[in-house]
Each structure stands twice: as C-alpha cells, then as structure tokens.
Amino acid sequence: MKNKIWNETVKNNFNNASANYLSYSNIQKHFADKIVYFLKDLNIQKGEWIDLGSGTGLLADEIEKEFSTKNISRIDFSKKMLLQNKDSSKKILWDLNNGLPPSIRNCPLMTSNFCIHWLDNPEKIIRDWFNKLRSGGYLIISYPTINSFPEWKQTCLETNIEYSGLTFPVSKDIIKSFNSDEIFFSNKYLYVENFPDVYKLFRSIVNVGAQSTKCKRNKVCELKAIQKFWPKTATNSVNLTWEINIEILKKS
C-alpha cells in the first residue's frame, strides 16, 4: 500500500508539472544530449527503439533529430507528460514498476533518462529491461547517484535538520548483477546548478515535478535556517551539485 501511495504521489507531481517541464529541465536536456552523442558511435541493429520513462519526449525528440528515419516509442506512467509528446509519436501509457508492456521485447535499443530513481526496485527493473533486449542490443540509462546534493546534505547536518530530498541509487548496486562484458560503458559526471537562493533552488525541483519525498516537508523556520547556512558562492548565490551516472549495457 505504501508503494502504491508513493507512486501515485510521484505521478501526480509529474502530471502537474507537464506543461512547464521543458522550460525547466536543463540538466535532463544536458544528459539527453550526452546519450545522443554516445548513440552516434554505436552500431544499432534495425528494429524498434524505446525510450523508457520518456516524460514529455525530451530525449526521444533529440534522438529523432539525430536519426531522422527513426520514430522512437515513448513509455511513461504520466498521461499528461505523454500528451506533451508529438502527435505523430508512438506513446504507451504504462507504469514501469510493473515491468515492460507485453508488446515490448527483442528491441535493439532501450534508453532511459532520469527515470530509474523513481522506480520501486531499480536494480531488478534494469535487469528485466536488459533481458528483454535483442542479442547485440543496448540499454542506455542516466540517473542521479547517492552522491548528489552534497551542499544540501552538509547543511542539514550542520543545522540538525532532516535531509528531505530523495535518496538516489548507489551506482554499484545498479550494475551489480551484470558481468563485466555486459557493461559497455560506465561513467560519472558532475553537474552544478546555480540559484539566487535556496527558495528558488527548491522551486526548480517543483517545476519539473521532482519534489516527491518520503520525508516530512521542511517547516518555514527550517527553510530559513537552510538558506542561512547553505554554503554561498562569491556572489552570495547557492549551488546544487549532481552526480550523474551514464551506463551503456550491451547484451551478448
């Protein structure tokens, strides 16, 4: 029951953010571009290309710009996010916590950008996606790791305030079930966002529908303390540092 309530909360937040998502998704765009960059050097077989947790179609659109003959299939559990996709695109409304839709199998390529950390059991789900690939197929995922948000976590330690952000996956856990010859590429990247203050930083998270948390919301007095003690830049602004992992897995 708890997972069901959590998943509904996540879905509702993304539904509510769907209309404005593309205007605020700078980090998602950045890593969508990286995925496309890597795709250009892969020899991918003919067949259906799938974007898992596609949201508004940000990554799928970038892939189609580079590979003009492809029509990427988009899968997401947010109906309002899917409605932001191009009318001509193939869209499947589906909760990836329930595995893949029965029609998806034997694909040469699956991608997923900023999705797996919202799933109940990402390690198991990634393995399931991989198993549904065609022999010689690729699974490419990007996701924030547990090392993200050091400024936020340190501020909470110093102020004795509970960290209320999402707990992201541990990279080694995500790929622990894969053999070394199945891990085609794995690399971590740091990405730093800058904001005038902590309030705009937290608002940016809400703007993309990513504010879901299993922790209690911060009180106003706690937010004021976080703003006061969050490390400041030379211009008195605040940074938020992400650690993003990109994995390219290849099925033999």
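This is a predicted model: local features need pLDDT of at least 70, side-chain atom pairs count only at pLDDT 80 or more; totals for chains, interfaces and linings use all residues.
Two residues are said to be in contact here when heavy atoms of one lie within 4.5 Å of heavy atoms of the other.

**T155 in helix α7**

- T155 lies in helix α7, which spans residues 150–159, and this residue counts as buried because its relative accessible area is 0%, where buried means under 20%.
- Once neighbours within four places in sequence are set aside, the residues in contact with T155 are I226, F229, W230 and P231.

**Helices α3 and α4**

- The axes of helix α3 (residues 26–39) and helix α4 (residues 58–66) come within 9 Å of each other and cross at roughly 35 degrees, and the crossing in which α3 passes α4 is right-handed.
- On the α3 side the contact is made by Q28, K29, A32, D33, I35, V36 and L39, while on the α4 side it is made by L58, L59, E62, I63 and E66.
- By residue type, the contact of α3 with α4 divides into seven nonpolar residues, one polar residue and four charged residues.

- In helix α6, which covers residues 122–131, the buried residues are P122, I125, I126, R127, W129 and F130.
- These buried residues of α6 pack against the strands β1 (49–52), β4 (107–113), β5 (133–144) and β7 (238–250), and also against helix α8 (171–174).
- K132 is placed in the loop between α6 and β5, and this lysine counts as partly exposed because its relative accessibility is 30%, a value that falls between the limits of 20% for buried and 50% for exposed.
- Not counting residues up to four places away in sequence, K132 touches L100, R105, N106, C107, M110 and K251.
- K132 and W230 are 98 residues apart along the chain, and their C-alpha atoms are separated by 44 Å.

- Helix α9 runs over residues 198–207, and its buried residues include V198, L201, F202, S204, I205 and N207.
- At the start of α9, a side-chain oxygen of D197 reaches to within 3.1 Å of the backbone nitrogen of Y199, and just after this helix G209 takes a positive phi of about 80 degrees.
- In helix α10, which covers residues 220–229, the buried residues are A225, I226 and Q227, and the buried residues of α10 pack against α7 and α9.

**Two phenylalanines with positive phi**

- F114 is placed in the loop between β4 and α6, and its phi is near 60 degrees, which is a positive value in a residue other than glycine.
- This phenylalanine, F114, counts as buried because its relative accessibility is 9%, under the 20% limit.
- F149, placed in the loop between β5 and α7, has a phi near 65 degrees, again a positive value in a residue other than glycine.
- F149 likewise counts as buried, because its relative accessibility is 4%, under the 20% limit.

**N85 and its surroundings**

- N85 lies in the loop between helix α5 (79–83) and strand β3 (91–93), and this asparagine is buried, with a relative accessible area of 4%.
- A polar atom of the side chain of N85 lies 3.4 Å from the backbone oxygen of T56.
- With residues up to four places away in sequence not counted, N85 touches G55, T56, G57, R74 and K91.

Note on methods. Residues are numbered from 1 along each chain as its sequence is written. Side-chain values use heavy atoms; hydrogens and water are left out. Buried means under 20% relative accessible area, exposed over 50%, partly exposed in between (1.4 Å probe, protein chains only). Helices (H or I, at least four residues) and strands (E, at least two) are DSSP runs, numbered from the N terminus. A polar contact is a pair of N or O atoms within 3.5 Å; within protein, one must be able to donate a hydrogen and the other to accept it, and residues adjacent in sequence count only if both atoms are side-chain atoms. Axes are lines fitted to C-alpha atoms, for helices over the stretch in contact, and angles run from 0 to 180 degrees between N-to-C directions. A crossing is left-handed if the near helix is turned anticlockwise from the far one by less than a right angle, and right-handed if clockwise. Ala, Val, Leu, Ile, Met, Phe, Trp, Tyr, Cys and Pro count as nonpolar, Asp, Glu, Lys and Arg as charged, and the others, Gly among them, as polar.
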